[in-house]
Amino acid sequence: MVLRDLELVIDERKSAPGRGAWLHPTRECAENALKRRAFGRALRVSGVLDTQNLEKWLNGYGNQVNGSK
């Protein structure tokens with residue numbers, strides 16, 4: 001994950017410039033990170049972060065793991 005204009009962006013290739021944060025691709029891990037405000041600390045920013053991309057990515061990942069469409 002990297003930050004672009006206070007928006008969390010998924011960097012699956014791990015090649016985007018800037019500071020990044022690593023996250024297990026599970027809903028539980030993401031919810032814990034959001035609850036603990038870990039992304040702001042890991043990426044060294046203050047303020048509210050846009051997490052919509054993260055939620056969409058997790059929903060898509062869950063569908064792939066479960067074999068759902």
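Which residues line the second largest pocket? The lining consists of L34, R37, F39, G40, V45, S46, G47, V48, L49 and T51. A pocket here is an open set of points on a 1 Å grid over the protein atoms alone, where a 1.4 Å probe fits and protein lies on both sides within 12 Å along at least five of seven lines; lining residues have an atom within 4 Å of a point. By class, this lining has five nonpolar, four polar and one charged residues. Ala, Val, Leu, Ile, Met, Phe, Trp, Tyr, Cys and Pro count as nonpolar, Asp, Glu, Lys and Arg as charged, and the others, Gly among them, as polar. The space in this pocket is about 170 Å³, a volume being the space filled by probe spheres set on grid points joined across faces, edges and corners.

The model is predicted: local features need pLDDT of at least 70, side-chain atom pairs count only at pLDDT 80 or more, and totals for chains, interfaces and linings use all residues. Residues are numbered from 1 along each chain as its sequence is written, and side-chain values use heavy atoms, with hydrogens and water left out. The mean pLDDT (the predictor's confidence in each residue, from 0 to 100) is 82, and 87% of the residues reach 70 or more. Over residues 65-69 the pLDDT is below 50, and this stretch has one contact in the model beyond near neighbours in sequence. Contact means heavy atoms within 4.5 Å.

The elements run β-β-α-α-α from the N terminus, giving three helices and two strands. Helices (H or I, at least four residues) and strands (E, at least two) are DSSP runs, numbered from the N terminus. Among contacts between residues at least 6 apart in sequence, 52% join residues at least 24 apart.

Of the 69 residues, 25% are buried; buried means under 20% relative accessible area, exposed over 50%, and partly exposed in between, with a 1.4 Å probe and protein chains only. The largest nonpolar core has 11 residues: M1, L8, A21, L23, A30, A33, F39, L43, L49, L54 and L58. Helices α1 (27-35) and α3 (52-66) are the elements that give two or more residues to this core. Such a core is a set of buried Ala, Val, Leu, Ile, Met, Phe, Trp, Tyr and Cys residues joined through side-chain atoms within 4.5 Å. Beyond its neighbours within four places in sequence, L58 is in contact with P25, T26, R27 and A30.

T51, one of the residues lining the second largest pocket, lies in the loop between α2 (38-42) and α3. T51 counts as buried because its relative accessibility is 17%.

The largest pocket has a volume of about 310 Å³. Its lining comprises 14 residues, of which M1, D11, K14, A21 and W22 lie nearest the centre.

D5, in the loop between β1 and β2 (7-9), has a positive phi of about 50 degrees. R44, in the loop between α2 and α3, has a phi near 60 degrees. D5 is exposed at 78% relative accessibility, and R44 is exposed at 65%.
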